[in-house]
Amino acid sequence: MMGGSLFHHRKHSWPTEEYINRSTLQQFDFDSAAPPEQAWRRRLDSHANILKEFSITFREAVQMVRLGIRLWSYVREEASHGRKAPIDPFTRGSCKPSASQGVPLGGMGSGSISRGFRGEFRQWQIIPGTREASPVMANQFSIFISRDGGNKSYASVLAPGQHEGLGKNNDEGISSWGWNLSGQRSTYHALFPRAWTVYDGEPDPDLKVSCRQISPFVPHNYRDSSLPTAVFVYTLVNTGKERAKVSLLFTWANSIGGVSHMSGDHVNEPFIGEDGVSGVLLHHRTAKGGPPVTFSIAACETQNVSVTVLPCFGLSQESSITAKDMWDTMARDGQFDRENFNSGLSTPSSPGETICAAVSATAWVEPHGKCTVVFGLAWSSPKVKFLKGSSYNRRYTKFYGTSETAAVDLVHDALTNYKRWEEEIEKWQAPILKDDKLPEWYKFTLFNELYFLVAGGTVWIDSSLPSEGMTVDHRPARKMEKGDKAVVEAKLNCGERGVEHTFSVESETKTFPQLSGEDMSIIPWKVDESRNSSQLSTVHDVHTEMDDVGRFLYLEGVEYVMWCTYDVHFYASFALLELFPKIELSIQRDFAKAVLCEDGRKVKFLAEGKSGIRKVRGAIPHDLGTHDPWHEMNAYNIHDTSKWKDLNPKFVLQAYRDFSATGDMSFGVDVWPSVRAAMEYMKQFDRDDDGLIENDGFPDQTYDAWTVHGVSAYCGGLWLAALQAAGAMALQLGDREFADWCKSTFLRAKPVFEEKLWNGSYFNYDSGSSSNSKSIQADQLAGQWYTASSGLPPLFDECKIRSSLQKVYDFNVMKVKGGMMGAVNGMQPNGKVDDTCMQSREVWTGVTYAVAATMIFSGMKDEAFATAEGIFTAGWSEEGYGYWFQTPEGWTMDGHFRSLMYMRPLSIWGMQWALNPRKVILEAPTINTMDRMYIPPAPFRSCQHETSARNVAKKGKVLREFRFPLFMPMMIYCEFICKGKEHVLGACFL
C-alpha cells in the first residue's frame, strides 16, 4: 500500500487471470458467476491500512484560531441539545477509518449498509444523518463442508480471521467460530452496484465458491432503485471426486450498528414466505424514540436446496443458546431443526444483551457438479424522522406500505427479481465497458464512484407532499374565462414582507385545444409564521403520476452533514442527470422554490462572529438543512452564504443545463421565476457597474477557506456563463426583455473579465494584489465547463480555453508527483504549490474530474484522462492511499485526506457527459452568439417584485409539443434581428 512505485509507473490493465486461476474462471462461466473482465480487484488477505487525516499548518492554525474557538463553542451548544453539529472537526469516532471499504448494499434513500472487501458489514446509515462506521462482526457468511465417507470436513467464516472485534477463541461469542480463512486464494471484484467474492479452493481445495452481491440500483427505474434490499448469489463448483454436502450460513445481529443492540427490547421471529422464501425477521426498537427497523434475512428453498433457521442466539454465556452452540450445531449437522419455524416471537432482549439470528441453506453438490444458493437481506425503516420533528415516509413505502412485515415482501421480491435487475444493469453498463477507446481504470471507476448515491446518507421520501408541520394552501388557482382565452393566475407569497410574484398565464384554447388552462395551474407555497421559518409547500406543476418521484436528499459528505449542499451538487449532479433525471429535476425544483423565500431567524456566522438571517430572499441556500431539511435551510454557518458569489450562478447554470438536456418545458416554466430572481439578486455585487460581479475579500465561494479579492476567474467565469445561460433560457421561454438585459450585461462584462484576468497564458486567480492573485487555479474554467455541457457556445476564444487548460495540466497536474495525484487547486507561476491556505494546497477529487471533463470538451482527451487517472492512482489503485468507496473531498501532497465519503467526486460523470454528448451539445453553435446579437435601446426594467410569465407559459405549451433542440430559438432570433426584423420573434417558437 502506497509504496514508492506509485510515482514511477501506471498500470493500465487488471485482467481477471492475475487474480483467479483460469480453470476456475471457466468453471464459473455461467449465470454471471464469474467476475467481469473489468472491475476493481483486491485479494482478501490485503492489508486494510489505517487512513491518515490531514492536519493544518501552524500558519493556518493562527489564521483560523478565532473560527476554531467559535466552532468549538457551537459544537458543544448543539451537543447540549442532543444534536450533532453539521461540521464537527473535534469529535472522532471509535473506529479509525481504514482502507477496507467495498460496494454498499441496497438501493437509494432507504438507509444503507456498506460491506468491506473482506466481507464485513460496516458504515451503518439507517438513521438519517447518523453513521456507525464499525463493523458488526456477528454479521457473516460461513461455510460448512463434509464429503461422502466422512474423511474431510471444513467449517469456516468466509472472511479472513484478522478482524477487529475478535477476542479469545475459548469464549461463547463469535470468537468461538472458525476464523480459518487466510484469504490468500480469495479475491474481491467490484463493479457497482454488484460485487463478486471468489474463494478459489478456500477453505476446501476441491470446492470453488463465488458469491455475487447485487443491489437494485437500476438507472431510470424509480421504483426498484429505492428498495432497501440486497441479494447474495452463491455458486458452488465441486471439482473433487466425492459428493459434497455444503451448508452456507448467514448470521445477523439485531443491531443498526454501534451500541444500538444494547438498548434492549429487540425481538426476532421466523417466517415462511411464498415461492420457497423463508428466514427470520429481526425487529429492532431504536433508542430515544426513533423509528423502528425490521431486518429480514432469508434464503430461497429449491428442489436441491433446503433452508432452516435459528431465530435467536446470543453472544454471551448467559444466553440460552450461545453463538458457540449455534456454530457447533452447524459443524455437526449442517442445518438447524425444522421445528424452529414454529417458535414464534423470541423473548425481548434485555438491556446490554445482543441477540442474533441465523439462516442456513444446505445442498448436495455432485462430483464436478454445480449448484446455486441464494440469500437475501432487506431492512424496513418506513419512516424518516429528523431531530427537529418533521417526519416522512420513505419512497419504497409507496409500493410496500409502512407495515413492519414489508421486510418479508422486500426480501421475497429481491430473491425473485434479482435476475431482471442484473439484466438491466448489464444492459446499462455494457456500452461503456465494451468501448475500447476508454481506459480500463476509467470504466470501472466511473461506476464505482456511484457508491455515494447509496452510501452518502441518501434519503428518498414518498412524494413531494410535505409531512406534518408543513402548511399547504389547497385552494385552487383562480380561473377566469375571457372569450377564447383561458387565463390562470396564481400568487407566490414568501416571507414576512409579503413579496408576491404574480404569474398571468394565457393560452389560446382554440389553437391548442389539447392543453387546458388547468395544465398551468399553480398552488402556492408559503410561510407558516407560527414556525417562523420558510416552508416549502406543494407546487402542483405540470406533472403526471409517473413524474412524481418524491423528494431526494443526499449529504455533502458523511463528515459534513448537510443535505444537498448546492455548491457541491453543482459538480455531482451530472450523475443524477445522466441516470435519474427526474430526481435531478426534483432537487432543482426544491432549490427554485427556496430562492423566493426568506427565513428571518438570526444566525451567528462563525468565521467573523457576526450575526445575520438564516435565509435571504433571492439567494440560493447553501444546503437544504441538517436537522429539519426543507423547513430549516442553510445549516452551514461558517460564512454568510447569501454573500457568496458562486451559488446563484450555479443554480442558473444547472437549471439551464437540465432544461436543455431533458427538453422538459414544464420544468423550464416552473423554475424560470427563480432563475430570473437569482440573476437579479447578483446585480448588487457589481460594485462598479461594469457588468461583472466582484468578490468581497473573504472566501465567498465553494473554496471557503481561500480568500478572493475583486474579480475572480472562478466566480467571474461562472457569472459570465450564467448570463449566457439565463439569456438563452429567457429567449426560449419568451422573456425578451430579460434576454436583452443578459446580452447587454454579458457584452459589457466579458471584456472587463479578460482585461483584468487574462495574462496571455491563463486567467489569474483574481484581480487583487495578494501573493496568490496570479495563482493558476485548476477550476478557473468552471463556467466554460457548464456552457459546453449545456450546448452553449464557448465563453472565450478557443485558443484561450486550450491555453488555460494546458497551463493547468502542465503545472497543477504534472508538477505534482508526476501527474499521479490529480490536479492541485492552486499552483504558483513558479511551479510551487500555492500554500496560501489549506484548500489551495489540496487536490480536490471532484474538481479534478471536472477539469478533465472541460479538457474533453476542448479536444484534449489524452490530457483529460491523464489528469483524472491521478485520482484513480492515488485513491483507488492498490499502490495508492486506500480511498476506494470512500473518496474524500481532497488530499494533501502527502496523501492525507480531508472529509471521507464526499459528494463531489460524482463529477466523474461530467466526464462521461462530455464523452457522450447529447444532441443539444452536438448541434451547439460554434461561436458565441451573444457577441453578435443586436441590443435594443430599451433599458432593462428590474422586476424585483413582479414577474410576468404570460409569454413564458404560452411558449412553454407550444414547446412541450415540439421538442426541437433548445438552442434553436436563440439562433433563429439572431438571424431575424440581425436583419432588422425584431417583430417576428414569435416565429422562433412557431
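Which glycine takes a positive phi just after α17? I looked it up, and glycine 859 does, with a phi of about 80 degrees. I note here that the model is predicted.

**Entry: helix α17**

I stayed with α17, which covers residues 845–857. I checked its length. At 1.5 Å a residue, its 13 residues should span 18 Å. The end C-alpha atoms are 19 Å apart, which agrees.

Next I asked how enclosed α17 is. I found 12 of its 13 residues buried, so the rest of the structure largely encloses this helix. Among the buried residues I listed Thr845, Val847, Tyr849, Met855 and Ile856.

**Entry: helix α13**

I ran the check again on α13, residues 713–733. At 1.5 Å a residue, its 21 residues should span 30 Å. The end C-alpha atoms are 30 Å apart, which agrees. I then looked at its cover: 21 of its 21 residues are buried.

A reminder to myself about helices: an α-helix has 3.6 residues a turn, so residues three or four places apart point the same way.

**Entry: the whole protein**

I stepped back for totals. I counted 22 helices and 32 strands in the protein. Of its 990 residues, 64% count as buried.

**Entry: the nine-stranded sheet**

I traced an open sheet of nine strands with antiparallel pairing. I wrote its order as β1-β6-β7-β8-β9-β16-β13-β12-β11. At the edges stand β1 (40–43) and β11 (267–272). Each has a single partner strand, so one side of each lacks a neighbour in the sheet. The twist averages 15 degrees from one strand to the next.

Strand β7 (residues 194–200) runs antiparallel to strand β8 (residues 207–214), and seven bridges join them. For tyrosine 199, I found the bridge partner in β8 to be valine 209.

What lies across this sheet? I found helix α6 (residues 406–433) lying across several strands, including β6 (186–191), β9 (229–238), β12 (277–284) and β13 (293–300). Helix α6 runs at about 110 degrees to β16 (370–380). Helix α7 (residues 440–448) also packs on the sheet, where it touches β1 and β6. The direction of α7 makes about 75 degrees with that of β6.

**Entry: the three-stranded sheet**

I found another open sheet, with three antiparallel strands in the order β30-β31-β32. Its edge strands are β30 (843–844) and β32 (897–898), and each pairs on one side only. Two bridges hold the antiparallel pairing of β30 with strand β31 (residues 890–891). I checked valine 843: its bridge partner in β31 is tryptophan 891.

**Entry: aromatic pairs**

How many aromatic pairs does a search of the whole structure find? I got 72.

I opened the pair of tryptophan 72 and phenylalanine 90. The ring centres are 5.2 Å apart. The planes stand at 85 degrees, so I call the pair edge-to-face; the cut-off for that is over 60. Tryptophan 72 lies in helix α3 (residues 65–80). Phenylalanine 90 lies in the loop between α3 and β2 (112–115). The pair therefore ties together parts 18 residues apart in sequence.

Tryptophan 72 has 42% relative accessibility and counts as partly exposed. Phenylalanine 90, at 36%, also counts as partly exposed.

I then opened the pair of tyrosine 234 and phenylalanine 375. The centres are 6.1 Å apart and the planes at 85 degrees, so this pair is edge-to-face too. Tyrosine 234 sits in strand β9 and phenylalanine 375 in strand β16, 141 residues apart. This pair links distant parts of the chain. Both tyrosine 234 and phenylalanine 375 are buried.

I also noted a cluster linked by ring pairs. Its members include Trp40, Phe117, Tyr188, Trp460, Tyr554 and Trp884.

**Entry: charges over rings**

Which residue lies over the face of phenylalanine 811? I found lysine 815 there, at 5.0 Å from the ring centre. I found arginine 898 over the face of phenylalanine 54, at 6.0 Å from the ring centre.

How values were computed: Residues numbered from 1 in each chain as written. Predicted model: local features only at pLDDT ≥ 70, side-chain atom pairs only at ≥ 80, totals over all residues. Heavy atoms only, no water. Pairing = 2+ DSSP bridges. Helix = DSSP H or I, 4+ residues; strand = E, 2+ residues; numbered from the N terminus. Axes fitted to C-alpha atoms, helices over the stretch in contact; angles between N-to-C directions. Contact = heavy atoms within 4.5 Å. Phe/Tyr/Trp six-rings, centres within 6.5 Å; stacked < 30°, edge-to-face > 60°. Buried < 20%, exposed > 50% of the residue type's maximum accessible area, 1.4 Å probe, protein only. Lys NZ or Arg CZ within 6 Å of the ring centre and 35° of its normal. Expected span 1.5 Å × (residues − 1).
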